[in-house]
Amino acid sequence: AGERQVARWLQSRGLTDVDAERVEERLKDGVLLGNLLLGLDPGLDMRGFNRRVLSRKPALSNLEMILSAVWRKGALGKAMPSAAEIYDGRRDKIFSLLRMIIEVYVLRPARKKHREMLQWIHKVISPYNMELPKNVLSADLDSPTGVTTVWQALSNGVVLFCVLHSCWPASLRPAPHASSLYFAPTSRDEVLSNLDIVFGCLQELQISVIIEPKEFLLRPSDDIFLLQLNLIFTCLYNRHGQHAGIDVLSLGELRFKDHNRLQERLNRIMAAHSARADDLTRAKALLEDECKELLEIRYEKAMEAASYEILAT
């Protein structure tokens, strides 16, 4: 996971004064890390935790308590720093710990629900005459290949837009219309235009955004992509969509920005198929004529042979 994205995630968890440049300074005494873990696991026993740290010893005690909690969640040994490394401001070690916290507290539970999440997306977009391909619905999010498959299905922003459009509450301004998006973008700029709208919608819906549109376009790391997807899912899963005020039966007829371009392409394809069909019809007629002619010739020859045979007898 990138440092900037991890820092944005921290901010989304309420650690608003922590940015990527100040992580070492802000987390070294363990107080904010303790707040983070309590937010992720409200039942965590934090008895003895010191919130007014003035020296190294109580800071190390706090950090040991935090590390123990993460260990109990099944952290991987190689990724875990020591309390002293965190207190001494080892940037690489601090981010290693943060990535492990994301993994054991957020991503592991999320992966267990990934089938439910993908089926939910599939259901939400179905009124828009869209569906997730079978290889996406069956993707294994524990594998890089599976994550890539899901990202590819969402990477142009259209599916995500339909999800947000479906769940857009009536209390907000009218949702961005489909006419502002490209249904089948043909360039990087068109994809980025889609993603700018989608991520703007996420912010309006008060869903934490940890990836910028350009970062999403360039394929974020597996854990950051899944983290962002999980933030969307957990926020919208139980929300009853208003479909942006549009009748459900009309959703499949939404006109996207490239509607005319797609219509022209469809017309060209239909014309090509029609021309091909005409060619096949003409070829069939010619073949039938040739076959009829051959049958007539064979019939005449057979009659001649029969006549000779009769004369010979």
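Me: Which residues are buried in helix H1 (residues 3-12)?

Reply: This is a predicted model, where local features need pLDDT of at least 70, side-chain atom pairs count only at pLDDT 80 or more, and totals for chains, interfaces and linings use all residues. Residues are numbered from 1 along each chain as its sequence is written, and side-chain values use heavy atoms, with hydrogens and water left out. Helices (H or I, at least four residues) and strands (E, at least two) are DSSP runs numbered from the N terminus; buried means under 20% relative accessible area, exposed over 50%, and partly exposed in between, with a 1.4 Å probe and protein chains only. By that cut-off the buried residues of H1 are Gln5, Val6, Ala7, Arg8, Trp9 and Leu10.

Me: What do the buried residues of H1 pack against?

Reply: Contact here means heavy atoms within 4.5 Å. Trp9 is one of the buried residues of H1, and beyond its neighbours within four places in sequence it is in contact with Leu36, Leu40, Ile101, Ile102, Val106, Ile210 and Leu227. For the buried residues of H1, the packing partners are helix H2 (23-27), helix H3 (31-40), H6, helix H12 (213-217) and helix H13 (222-236).

Me: Which backbone oxygen does the side chain of Arg111 reach?

Reply: Arg111 is found in helix H6 and counts as buried because its relative accessibility is 17%. Leaving aside neighbours within four places in sequence, Arg111 is in contact with Glu103, Leu141, Asp142 and Leu226. A polar contact is a pair of N or O atoms within 3.5 Å; within protein, one must be able to donate a hydrogen and the other to accept it, and residues adjacent in sequence count only if both atoms are side-chain atoms. At 3.4 Å, the side chain of Arg111 reaches the backbone oxygen of Leu141.

Me: What distance separates the C-alpha atoms of Arg111 and Asp142?

Reply: Asp142 is among the residues in contact with Arg111. The two are 31 residues apart along the chain, and their C-alpha atoms are separated by 7.1 Å.

Me: Which side chain is joined to that of Glu215 by a polar contact of 2.9 Å?

Reply: Glu215 lies in helix H12 and, at 12% relative accessibility, counts as buried. Its contacts beyond four places in sequence are Arg4, Gln5, Arg8, Ile210 and Pro220. The side chain at 2.9 Å is that of Arg8.

Me: How are H7 and H10 oriented to each other, roughly parallel or roughly perpendicular?

Reply: Trp120, Ile121, Val124 and Ile125 in H7 meet Val159, Cys162, Val163 and Ser166 in H10. Axes are lines fitted to C-alpha atoms, for helices over the stretch in contact, with angles from 0 to 180 degrees between N-to-C directions; H7 (residues 114-125) and H10 (residues 158-166) pack at about 75°, with their axes 9 Å apart. Angles under 35 degrees count as roughly parallel, over 145 as roughly antiparallel, 65 to 115 as roughly perpendicular and the rest as oblique. H7 and H10 are therefore roughly perpendicular.

Me: What is the phi of Asn129?

Reply: Asn129 sits in the loop between H7 and helix H8 (134-137) and is exposed, with a relative accessible area of 61%. Asn129 is a residue other than glycine, yet its phi is positive, near 60°.
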